[in-house]
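Have the structure open as you read.

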Amino acid sequence: MLHIVLHFAVPAIVALKFFSQRWQVAYLVMMATMLVDLDHLFADPIYDASRCSIGFHPLHQPWFIALYLVLCFFPKTRLIGLGLMIHMLLDSLDCQVTNGIWIN
Ligand SMILES: [Zn+2]
């Protein structure tokens with residue numbers, strides 16, 4: 001449950017702290033990156049609280065995460081990259097808490 005709360009709270013904090021002039025837009029874009037979890041639809045079961053999503057789901061693969069990191073360096077894609085990196089970091093943290101691993 002805390003994991004899901006963090007998915008909403010951390011982008012909000014980042015938006016307010018670093019994009020205070022346009023935090024609403026920043027927050028919306030970062031929230032939209034949660035669509036990355038649509039890749040869970042390919043898994044069976046779709047949701048499993050004890051499964052580590054990093055390295056398991058198609059859009060949670062390490063080379064995709066490297067791409068998300070690159071997006072952070074370009075102004076036009078920065079918010080998308082940031083939203084995705086926050087998402088992956090929180091997912092990885094969840095893996096550590098529930099399974100004792102950072103990646104599958
Ligand atoms: Zn995820």
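Which residues does I54 touch, not counting residues up to four places away in sequence? The list is H60, M88, D91, S92, C95, W102, I103 and N104, where a contact means C-beta atoms, placed from the backbone, within 7 Å. A quick note on the ground rules: this is a predicted model, so local features need pLDDT of at least 70, side-chain atom pairs count only at pLDDT 80 or more, and totals for chains, interfaces and linings use all residues. Numbering runs from 1 along each chain as its sequence is written.

I54 also belongs to the largest nonpolar core, along with V36, C52, I65, Y68, L84, M88 and C95, eight residues in all. A nonpolar core here is a set of buried Ala, Val, Leu, Ile, Met, Phe, Trp, Tyr and Cys residues joined through C-beta atoms within 7 Å, and buried means that 20 or more other C-beta atoms lie within 10 Å of a residue's own. Helix α4 gives this core its largest share, three residues. Another core lies apart from it, with six residues, including A15, A26, Y27 and L82.

Now look at how α2 (residues 23-32) and α4 (residues 78-99) pack. Helices are DSSP runs (H or I, at least four residues), numbered from the N terminus. The two axes, lines fitted to C-alpha atoms over the stretch in contact, come within 8 Å and cross at roughly 55 degrees. At the contact, A26, V29 and M30 of α2 meet L79, I80, L82, G83 and I86 of α4.

Technical notes: Axes fitted to C-alpha atoms, helices over the stretch in contact; angles between N-to-C directions. Helix = DSSP H or I, 4+ residues; strand = E, 2+ residues; numbered from the N terminus. Contact = placed C-beta atoms within 7 Å. Buried ≥ 20, exposed ≤ 12 C-beta atoms within 10 Å, placed from the backbone.
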